[in-house]
Amino acid sequence: MRPNALLRLALCLAVVARGAAIGFDKSGNALEPASSTPYPLVLEGQELSGASIRVKKIAFVPIQVYAVGLYVDPKALGELKAWKAKSHSELAGDKSLYRALLKDNKLTKTLRLVMVRTVTGEQMGGAISEAVESRLPHQQDASCQAAFAGLKGMFSAPSLKTGTEIVFRWAPGGKLHVTMDRESAGVLESEALVAALFDVFLGDKAVVDRGALVERLPDVLAR
């Protein structure tokens, strides 16, 4: 690898490691720092809480796979108001905040994934399914089993190209609305399944920097 390429890789990794602050493009969209993936500040009435990047090592080389943004409904923050006036650094390290975000409450929450690398549907579906399955309860009711099967079946596309958008919206009552490139992929109903999916990104063993997903939450709470 040439020196310039090594330098670019080192700078990229440094950005990911330190959790650089979100920037903005000329249209006012927030930019996920590592990939510069744009995120609108408002999505279906919900406000952007933060954005992060999923990185996987392939042959010991870190590869960016997709960016992910978290949106919350500013009109139904409920118990999250307890964190009003807290700084981002305080929120980022507060495990009780993430537990609150992982509850099935009146707060509608959305994860917006944007592919920054082309992968097959089988690869993406397998990775998401494996991560979710490891977080499901050992004893699963019929609704959870059906919802998990439905989730796996949503990744039937031959490929998910760079720029493909996958949106998971957690509505009260354990309902997961899924869209792919703005087309509905279906609705799954299981509190356990939805909580497990969001735990992939917000839990103690999150696959991304979960602190980056609450970077803008102080601004949302302040209004």
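**Close-up 1. The lining of the largest pocket draws on strand E5 (46–58), strand E6 (61–72) and helix H4, each of which supplies at least two residues.** The model shown in this and the following views is a predicted one. Of the elements that contribute to the lining of the largest pocket, H4 provides the largest share, with six residues. In total 16 residues line this pocket, and those that lie nearest its centre are Arg54, Lys56, Val65, Gln123 and Ala127. The space in the largest pocket amounts to about 380 Å³.

**Close-up 2. Helix H4 (residues 121–133) is seen here with its buried and exposed residues.** H4 has 13 residues, and the distance from its first C-alpha to its last is 18 Å, which is close to the 18 Å expected at 1.5 Å a residue. The residues of H4 that are buried are Gly121, Met124, Gly125, Ile128, Ser129, Ala131 and Val132. They cover an arc of only 165° around the axis, so they lie on the same side of H4. In an α-helix there are 3.6 residues a turn, and therefore residues three or four places apart point the same way. Glu122 and Glu130, by contrast, are exposed on the other side of H4.

**Close-up 3. Gly126 is a residue of helix H4.** Its relative accessible area is 36%, and because this value falls between the cut-offs of 20% and 50%, Gly126 counts as partly exposed. Along the chain Gly126 and Asp204 are 78 residues apart, and in the model their C-alpha atoms are separated by 21 Å.

**Close-up 4. Helix H6 (191–202) has 12 residues.** From its first C-alpha to its last H6 reaches 16 Å, which is close to the 16 Å expected at 1.5 Å a residue. The buried residues in H6 are Leu193, Val194, Ala196, Leu197, Phe198, Val200, Phe201 and Leu202.

**Close-up 5. Arg210 is found in the loop between helix H6 (191–202) and helix H7 (217–222).** With a relative accessible area of 14%, Arg210 is buried, because buried means under 20%. A polar atom of the Arg210 side chain lies 3.0 Å from the backbone oxygen of Gly203. If residues up to four places away in sequence are not counted, Arg210 touches Lys95, Tyr98, Phe201, Leu202, Gly203 and Asp204. Among these contacts of Arg210 are Phe201 and Leu202, both of which are buried residues in H6.

Notes:
Residues are numbered from 1 along each chain as its sequence is written. This is a predicted model: local features need pLDDT of at least 70, side-chain atom pairs count only at pLDDT 80 or more; totals for chains, interfaces and linings use all residues. Side-chain values use heavy atoms; hydrogens and water are left out. Helices (H or I, at least four residues) and strands (E, at least two) are DSSP runs, numbered from the N terminus. Buried means under 20% relative accessible area, exposed over 50%, partly exposed in between (1.4 Å probe, protein chains only). A polar contact is a pair of N or O atoms within 3.5 Å; within protein, one must be able to donate a hydrogen and the other to accept it, and residues adjacent in sequence count only if both atoms are side-chain atoms. Contact means heavy atoms within 4.5 Å. The expected span of a helix is 1.5 Å times one less than its number of residues. The arc is that of the directions from the helix axis to the C-beta atoms. On a 1 Å grid over the protein atoms alone, a cavity is a set of points where a 1.4 Å probe fits but cannot get out, and a pocket is an open set with protein on both sides within 12 Å along at least five of seven lines; lining residues have an atom within 4 Å of a point. Grid points are joined across faces, edges and corners, and a volume is the space filled by probe spheres set on the points.
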